[in-house]
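Here is a short briefing to read alongside the model. Please keep the viewer open as you go through it.

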Amino acid sequence: MASENGCGLCKISVNNIGVKKGADVLLSDVSFELHCGELTAVIGVNGAGKTTLVKSILGEIHHEGNVSYKSHHGDEINKITIGYVPQHLDFDRSAPVSVEDFLLVGRTGSPVCFRRNKKISKEIDKALETVGCLDLKKRKLGELSGGELQRVMLVNALYPLPELLILDEPVSGVDATGSEKFYEAILNLKQNYHIAIAMVSHDLGIVREFADNVVLINKTVLKSGTAKEVFESDEFKKVFFRVPEREA
Amino acid sequence: MDVIYDTLGSLLPFAWADYKFMINALIAVVLIAPLMGILGTMAVNNKMAFFSDALGHSAFTGIALGVLLGVKNELISLIAFGVFVALVITRVKNKGNTSSDTVISVFSSTSVAVGLLILSYGGSFSKYSSYLVGDILSISKKEILCLFITLIAVVVLWVFIFNKLLIISVNRELAASRGIKTNLYENIFVAVVAVVVMLSIKWVGILLINSLLILPSASARNIAKNSRQYLVSSVVISLLCAVSGLLISFYADTSAGATIVTVSAAVFFITYLFRKK
């Protein structure tokens, strides 16, 4: 699990994803590529199929097409590790689960209510520190603010270190400071780890600032390329014309 | 077994310890209470209080089917039908768009009605009415051994599935994204709950079984901050309530099951006042 910088050679290909629900076509023939060390933003209006796309890539819903991965040695790898930071973690806030419990679950097979492995505990401290959340370790998951929760989710998504990290509207509903801290952590990741990041976002300001590549979708890919290329395209203007830049 | 009676008899210089049925009942509640305390934690986390209530009610049909099919040991048909109902409710709940409390309610009332219908055929329902409130004082040595084996099995299983159930209880999608087979673990869990509920129902009663499963964990949730405190306090509260309830029932000459549940409810309200927000 070396933390080499993104070499740009690893390639995750999303190939011809299609999803149908009854007679409705939610997505058809969606293809694009993701590279390590780069942040690719997926943008589109409400109902364009962004969340459906995320669910397809995660393998949660039945879909056509597939996701393939080529390492920088050129080897084809069938199953890749995907880290996922959900949009709004919908959970019971009164549940007696601490941040430590939550992070331990992914790292150990033994019941988290009993044995505490010191080595793993240290790893968790370190991981929490990288996103500035060490003080949250003993807190109840339900007591965290939106921004804190998303950073804890990010820590969770980074173990085991994924080849692909998916962020689904990661900071919608999070205050400005929380959102800033979250993106700081993301930038840090992009520079220091060998992972490709895909981010679904409504916030075009954030996309313009952080995304290396942008994929504009509406049921299918309308336009993809660098942020500049997409933002200046006719397709982009057509889709977002008269749509306010920041949606609720 | 006689060794246990002698030891407990000499260790406990109380009037009730002279009665074998009280010693049996005590051992039984000491086995049932931790079972309920352990399973209850996840039942409450996954908002399954109503589900387990329906499961208890399905015992009517379980017994009735056993009678119809001429199964000698009612326990077999009880457990088989209980596991079946648990899996079906879970499947319908996860598949359909119908709200889950509606689904559960339909199953609950149907199985009560069908069970009563069959059992009351020919006016013989009174034979089975002991299932309604249960009778812990009538438990036998063999049945105690059976509970003991179940407790060991559940604890062993728990070690393997605890983490998975915990993450599923936080968020299903998140668990799925980590490669956890959410349906599989949920099915294992509901099946185990079904087996334990059906094994205990004869002693605790259809009307009270759910309280025993839910109340200790609900109380523990009021005061616990992490999963360790939650599990430990749930088991401890469950044990304390069960033992004290049983003893109170002896002196007050009340129904054992009802007294245990009343004590558990009192503990719930007390912890509710001290809950951590």
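Helices (H or I, at least four residues) and strands (E, at least two) are DSSP runs, numbered from the N terminus. With that in hand, the elements of chain B, read from the N terminus, run α-α-α-α-α-α-α-α-α-α-α-α-α. This is a predicted model, in which local features need pLDDT of at least 70 and side-chain atom pairs count only at pLDDT 80 or more, while totals for chains, interfaces and linings use all residues. Residues are numbered from 1 along each chain as its sequence is written, and chains are lettered from A and ligands numbered from 1 in the order in which they are written.

**Chain B overall**

- Chain B has 13 helices and zero strands.
- The radius of gyration (taken over C-alpha atoms) is set against a globule rule of 2.2 Å times the number of residues to the power 0.38. For the 277 residues of chain B the rule gives 19 Å, and the chain has a radius of gyration of 19 Å, so it is as compact as a globular protein of that length.
- The C-alpha trace of chain B spans about 55 × 50 × 35 Å along its principal axes.
- A residue is buried if 20 or more other C-beta atoms lie within 10 Å of its own, exposed if 12 or fewer, and partly exposed in between, with C-beta atoms placed from the backbone. In chain B, 49% of the 277 residues count as buried.
- Two residues are in contact if their C-beta atoms, placed from the backbone, lie within 7 Å. Of the contacts in chain B between residues at least 6 apart in sequence, 73% join residues at least 24 apart.

**Chain A overall**

- Chain A contains eight helices and ten strands.
- Its radius of gyration is 18 Å, in agreement with the value near 18 Å for a compact globule of 248 residues.
- Along the principal axes, the C-alpha atoms of chain A fill a box of roughly 55 × 45 × 40 Å.
- Buried residues make up 42% of the 248 in chain A.
- Among contacts in chain A with a separation of 6 or more, 70% are between residues 24 or more positions apart.

**Two domains in chain A**

- Chain A is divided into domain 1 (9–81 + 163–248) and domain 2 (88–160); such bounds come from an automatic or database domain assignment.
- The centres of domain 1 and domain 2 of chain A, taken over C-alpha atoms, are 26 Å apart.
- Their contact takes 13 residues from domain 1 of chain A and eleven residues from domain 2 of chain A.
- On the domain 1 side, helix H5 (residues 176–192) of chain A gives the most, with six residues.
- That side of domain 1 of chain A divides into six nonpolar, five polar and two charged residues. Here Ala, Val, Leu, Ile, Met, Phe, Trp, Tyr, Cys and Pro count as nonpolar, Asp, Glu, Lys and Arg as charged, and the others, Gly among them, as polar.

**Sheets in chain A**

- Two strands pair if DSSP finds at least two bridges between them.
- An open sheet of four strands in chain A has the order S2-S1-S4-S5, with antiparallel pairing. Strand S2 (24–35) and strand S5 (76–77) of chain A are at the edges with a single partner strand each, so one side of each has no neighbour in the sheet.
- Strand S4 (residues 64–70) of chain A pairs with S5(A) in the antiparallel sense over two bridges, and A:Tyr69 has A:Ile77 in S5(A) as its bridge partner.
- Strand S9 (residues 213–218) of chain A has five of its six residues buried, so it is largely enclosed by the rest of the structure.
- Strand S3 (residues 39–43) of chain A runs parallel to S9(A), joined by four bridges; A:Thr40 has A:Asn213 as its bridge partner in S9(A).
- S9(A) is also joined to strand S10 (residues 220–226) of chain A, by six bridges in the antiparallel sense, with A:Ile217 opposite A:Val221 in S10(A).
- The hairpin of S9(A) and S10(A) has one residue between the strands, and A:Lys219 takes a positive phi near 70 degrees there.

**Where the chains meet**

- The contact takes 23 residues from chain A and 23 residues from chain B.
- On the side of chain A that touches chain B, strand S6 (82–85) and helix H2 (99–105) of chain A are the elements that give two or more residues. H2(A) gives the most, with four residues.
- The residues of this side of chain A divide into 14 nonpolar, four polar and five charged.
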